[in-house]
Amino acid sequence: MVKRFTKFNNWYHLIILCFLIGSMVPDALAQSRRVTGKVTSTGDGLGIPGVNVLLQGGQTGTATDVNGEYSITVPDNNSVLVFSFIGFEPVNEVVGNRSVINVSLSEDASEMNEVVVTALGIKREEISLGYSIERVEGEEMTRVAQESFLNAMAGKVAGATISTTGGTGSSVSMVIRGATSLSTDNQPLFVVDGVPIANTLNNVSSVGSENRVDYGNAISGLNPDDIADISILKGPSAAALYGSRAGNGVVLITTKGGNVDRLTVNVSTNTVFDVPYKFLKWHSKFGAGQYSAIPVDVSGNPLTNPFGSLVQENVNAAFGAELDKGYEQVQWNSPLDENGNPIAMPLVSYPNNAQNFVQTGITSSNSFSIANSNDAMNYRISYSNMRNKGIIPNSDLFRNTLNINSNIKVNDKLNISTNIDVSRNNSNNRPAGERGTNPLQWAYETSPHVNILDLEDYWLPGQEGLEQKTMDAAYDVRSTNNPYFLAYEVNNSFKRDRVFGNVKADWQISPSLNFFARYSLDLYNETRESKIGRSYSQEPEGAYGITELHGLETNADFLLTYNKDINDFGITLSGGGNIRYQNGSNLFAGTKSGVGLITPGVFTLSNIAPANIEYGNSSFERGIHSVYGLANLSYKDMLYLDLTARNDWSSTLPDADPYFYPSAALSVLVSEMLELPEPFSLVKLRGGYASVGNDANPYQLLGTLYNAGAWGDIPRLSLRSGLLNPTLKPEIATSYEGGIDLNFFNDRLRFSGTYYKVQNENQILGIDLPPSTGYTSKRINAGLLQSEGVELTLGSDIIRNNNWDWSVNLNLTRNRTKIIELADNMPYYTLWEDARGGSWTYVGEEIGDIYDAEVVTVKDPESPYFGYPILDQTGKWQSIDAVSSRNKIGNFNPDFVLGMQTSLSYKNFHLNLTFDWRSGGDFVSQTYRFGEEHGRSSVFLDKLINPGELEGEALKNYLVDNKESMVLINGNNFPLVGGPTPEYGSYPFTYGPFTLPHGGVFIPGVYATEFDDNGNPTAYAENLGENIGEPGGTLTLPYAGSTAWSFARAFLYDASFVKLREVSFGYDVPKTFANSLKMQNLSFSVYSRNIILWTAAKINIDPEMAFQPSSGTQAGTQFKQGIERWNVMPWVMPIGFKINATF
Amino acid sequence: MIIKNKLIFGWALLLLCTFSCKEDLIEMNINPNGASPESANPNLVLSTVLTEAGKSVLNLGYQNIAGVMQHTQKDGWSGSHNSYDWNRSNSWSGYYAILRNNQFVYERAVELDQELHQGVTLVIRGMMFGLITDLWGDAPYTEALKGAEGTPEGTFPVYDTQESIYRGILDELEMANQLLSKPQSAYNSSVESADVYFNGDPSKWQKVANSLRLRFYMRLSEKLPDFAKQGIETILADPATYPIITSAGDDADMSFNTESEASSWPNNTKFDVDASNYRRLKM
């Protein structure tokens, strides 16, 4: 717009517009007589609101109110009224001399005529849609209580991957049709009753050193009991009308309203016990230490620990003496004799430390709702609360929600409705994740010779509030932490208050013309406060910090809709606009890392020395103005064409220049066109094309000067080294999809298949610049990502008779995303780097690839040692780094995801099951990497090859004969021969200044003895067990120093799993009995959820948790997928009970 | 009717606004979280240039270059320091980062016609490019620092020969000499608030400019003896036009004020509390 209206002009135009529109309102036409009545549903006898009541052949018409009642004037007795409503068979009634005409509508027989909520809340018959849309009923959300309703969708929606990233209350990720953006979290847009709700995946923050806490995503603040229906708009086709944010799909949530015929009160209560039962494969054979120690009297040799003790309590590793052998040593908690000297105690193992540390978690949720309706209005008010006591001691989570839905009938033509949701989510203590203050990490890292229950009193006697009790508390430097101390003295609390809601006015201007206008708001304030007690190893003086987050989004939108049927053609045209405004701010103050508080245990900002405090705040604003239009054209219920167009102006793009994007979708009902043979009841072909534009984040165009820190009293500003881009373009996602729906046997068998392709171009990427440009990086538009996939669903009602009802639904998804193009000089894009490897993708290859350093092996196929590791001169593996070797070891994406739901009912008994099978994909377990490096993993002990009686050539031949598993590195198997003690076939070794008789291993392979001029080996010595420790013979190592720490591949596991997402068994009390208790309904159920049935890795880690809640390298706000580090909640067996009563 | 009209009125307003509020959108994207480069006083950035330049010169004699020259050794974590281990951390990006801010101040000074600021930033430019070419030889110079222009030449700057860099900065320092030749009161701007070396005295900056020229002529004396000789003679022959540093009082020196880690001697024990870095470095 070149010209801006002046204020005066604006008002002038408005007034004219008002007059024009106002004069069009047909207020009363009082010539003929009036007919009233009520339209009810044959099914439940309740009134149906919004039924079109039209005078046949004329323009007059009305719609029923919230109670299903209507009133219309008719010219004469021959008039015919047509009652129609989406999803119901229309009914014609000749008026005659009646003044009251009550009508009962019956639902359309065909299952496919299900009504779904589409973009902008428009209700459509599913049959008419040219794109795939998935619907989940509210009942599915509440059958089994889940803290976040997102968890309840896992396994139920084709094309959507729902992953919990940690324990209760952690962020839940939902990715629809694969991640197509490289730098955003790829989460869909959530819209609740027309209110777009802010939701991000990355809600991790850290106060103090290594205290990472996931505060959970905001969307989990919804009360699942309030949800009536969820529609998932999967591709951009379905989402074109939501604009910028809808590129990753839209989840449309409709909450329950007051559409009831009398005062209805619903009470529901739920309690679930989470019983931990499966833990990491950790051993309890060896105590703390770094050299496997055997006492003099047992070995006949000198004590095998050069430090003079059997276990070393200042070492956070379990490579010490074997336990339960009757060996004795003075220990950290030894009692004193009468002279005050500590007494040597037997070294015994405590195998159940982790089990003893965790507790049964309890989650109880209660909800209460009241609803009613009368002529003028209806309402529903609900309150719910959820309380969770976590399986980690002293962790909790609470949610309280209040939801009000109301609809007011102003007159026959005008309806005003409002939804308001107020919620508080809070916790006194969210347990930290990853490593550091994670209590679970330290429960697992407690040395097996220490009884964790001796640590429960977590302060050192006499030093309460100052020093935690650990086995190494007496040493200068602490290398371990007490898990109870972390659970009780590191408190990460939060409180998130949120209000969202809208006010909407619907105005039925005439039977064919409808207008609505809506204002919606989403507002939240969140406070996070962390208190770290004195003596945590990374924060010896304690730490404190407080963060305030604030967010606001308002939307004002309107839509004018005109529909008209001309002969066999139906036309619906809509046009509307939207103004979105967002702002957000954050404020942080707390201790700098590692410097601590003045007075221990006092958690205030004023208790931080001025030099030790850090603080900061920032804010942003964003606005988007949009106009859009859509047209739905139909021909004879057999051809449907949808067209949409949208134009956005975003504040974040240069000059707020507009960008435009269209979509088209076609649905062809072959079964309406042709007479099909018997088993077919529906054949539908559909196809669509859509593009969606996505704006940038705020302030990505021009850099500002930042504060480089004052020099005394001289302020200093600096230009940022990262160059922004004043000519940024919007990202454009273009999608194509095609599909077929086939129903057989009166819709009792239903198949639906969809193929899609999404191309996301103009990604906003940061690339490196030569520093001589003055800048080190630059923001550019580049790249093209392409996702392709298929979604198949199969549904069947196998048995359906008076007593029995059995149905099975299957859905299968496969998605692959490739990088087709990146910027110049950018050969690959890195999502994360860790464990000496990482996840990055080269141009032309797939997202999710995992790379690792390559083990140096003999490459010459002619060599007898082909494939053998070439060891260094100390006998260890050598590596070529991951980028140079381009050594791909896996991909974190599953090959396919299969969900299955089945429900079986017999009379009033119901059994429901939901399974989720993800097949393929890999993950790196940093926990087992640490577990091996710290000598705790029994997987590590189990893989040691025991030479037994074999030695010399016999041993070599044995290894070579079994070289696939004993010499070559296959999969994650890095062979080692020997072990900690003679029972393992240990070897003597020399390490640094120490020569020890036991505790050594060797790595089967070869090492170079001669080299050519380029340093390439030309001759090898065998390291296969001959001539142990002799020159040119086999080189031995301490077993503690021979872990595969430098290779991620050694800890790469198959991520396939099968989970029983939900199982519930319920009983509905017979209506007659319920009625005698003055109830409408009463039901009981027992259930369980998220039970891991099988994992391919068999290391007792949930592969779904290989979704590390921390940011990756170039991946912006994305979590690290395909790797976990101490993200290891024990597996739980939940047992839940639910009672639901409606009065 | 009244309710209806109000609603229509409200939504019509929205409709109109959709088309007419583009200006508001543009204003909305002005970042409130940092100072605007268009309006910030150049002295706020000049202070960064001068202090960082001072620190980088100190680091030549104290950090890895000093290790490579065997002026210092470390007894721990010594990889890059004791050995010739040139990894990315020893790249020239730090020098070009100083030049980025310096270029910004220079361009603002040209825009605002501030001769004093132009002179001071040309001196720093000469000093930094001098260091770059001393250390690396050929380097980007004529096309350097143009990343923001977005042109291919600016994005991947070509290398200039060492000779042309020395010649170029000698010319620029000559320009600086002229720009800095007026008495302090004759300038329309002051660098006093940012000048940690000379407290805003242009005559001292002029001496630095000419002394730097002597340094760079000396650098060229073996390869371009006539050129160097002539340049040196011109300067020494006319001390009124080409004043040089003649006493320690004219030195460009910067005191560490020890008020924060950034403004303290590197590895100081006040802020680097574990003190082992300080102990490990042996002179």
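First, the ground rules. This is a predicted model: local features need pLDDT of at least 70, side-chain atom pairs count only at pLDDT 80 or more, and totals for chains, interfaces and linings use all residues. Residues are numbered from 1 along each chain as its sequence is written, while chains are lettered from A and ligands numbered from 1 in the order in which they are written.

Let's start with chain A. It has 14 helices and 64 strands. Both are DSSP runs, numbered from the N terminus: helices are H or I with at least four residues, strands are E with at least two. How compact is chain A, for its 1143 residues? Its radius of gyration is 34 Å, close to the 32 Å from the globule rule, so chain A is as compact as a globular protein of that length. That radius is taken over C-alpha atoms, and the rule is 2.2 Å times the number of residues to the power 0.38. Along the principal axes, the C-alpha atoms fill a box of roughly 115 × 75 × 75 Å.

Now burial. In chain A, 50% of the 1143 residues are buried. Buried means that 20 or more other C-beta atoms lie within 10 Å of the residue's own; exposed means 12 or fewer, and partly exposed is in between, with C-beta atoms placed from the backbone. Next, contacts. Two residues are in contact if their C-beta atoms, placed from the backbone, lie within 7 Å. Take the contacts in chain A with a separation of 6 or more: 68% of them join residues 24 or more positions apart.

On to sheets. Strands of a sheet pair through backbone hydrogen bonds, either parallel or antiparallel. Here, two strands pair if DSSP finds at least two bridges between them. One open sheet in chain A has four strands, in the order β3-β2-β5-β6, with antiparallel pairing. Which strands stand at the edges? They are β3 (61-63) and β6 (91-94) of chain A; each has a single partner strand, so one side of each is left without a neighbour in the sheet. From one strand to the next, the twist averages 20°. Look at β2 (residues 52-55) of chain A: this strand pairs with β3(A) in the antiparallel sense, over three bridges. Leu54(A) has Gly61(A) in β3(A) as its bridge partner.

A second open sheet has three strands, ordered β45-β55-β56 (chain A), and its pairing is mixed. At its edges are β45 (870-871) and β56 (1017-1023) of chain A, each pairing on one side only. β45(A) runs parallel to its partner β55 (residues 1005-1011) of chain A, over two bridges. There, Ile870(A) is bridged to Val1006(A) of β55(A).

Leu1052(A) lies in strand β58 (residues 1052-1054) of chain A. Is Leu1052(A) buried or exposed? Buried, because 24 C-beta neighbours lie inside 10 Å. Setting aside residues up to four places away in sequence, Leu1052(A) touches Ile889(A), Gly890(A), Asp922(A), Val924(A) and Asn972(A).

Phe745(A) is in the loop between β37 (731-744) and β38 (749-768) of chain A. Its phi is near 45°, a positive value in a residue other than glycine. With 13 C-beta neighbours inside 10 Å, Phe745(A) counts as partly exposed. Ala835(A) is not a glycine, but has a positive phi of about 50°. Its loop joins β41 (828-834) and β42 (837-842) of chain A. Ala835(A) is buried, with 24 other C-beta atoms within 10 Å.

Over to chain B. It has 12 helices and four strands. Of its 283 residues, 37% are buried.

Two of its helices deserve a look. The axes of α10 (residues 202-220) and α11 (residues 225-237) of chain B come within 8 Å and cross at roughly 160°. Axes are lines fitted to C-alpha atoms, for helices over the stretch in contact, and angles run from 0 to 180 degrees between N-to-C directions. α10(B) and α11(B) are therefore roughly antiparallel to each other. The angle classes: under 35 degrees is roughly parallel, over 145 roughly antiparallel, 65 to 115 roughly perpendicular, and the rest oblique. Residues making the contact include Leu214(B) of α10(B) and Phe227(B) of α11(B).

Last, Met28(B), in helix α2 (residues 22-28) of chain B. Met28(B) is buried, with 21 other C-beta atoms within 10 Å. What does Met28(B) touch, not counting residues up to four places away in sequence? Glu621(A), Arg622(A), Gly623(A) and Ser651(A).
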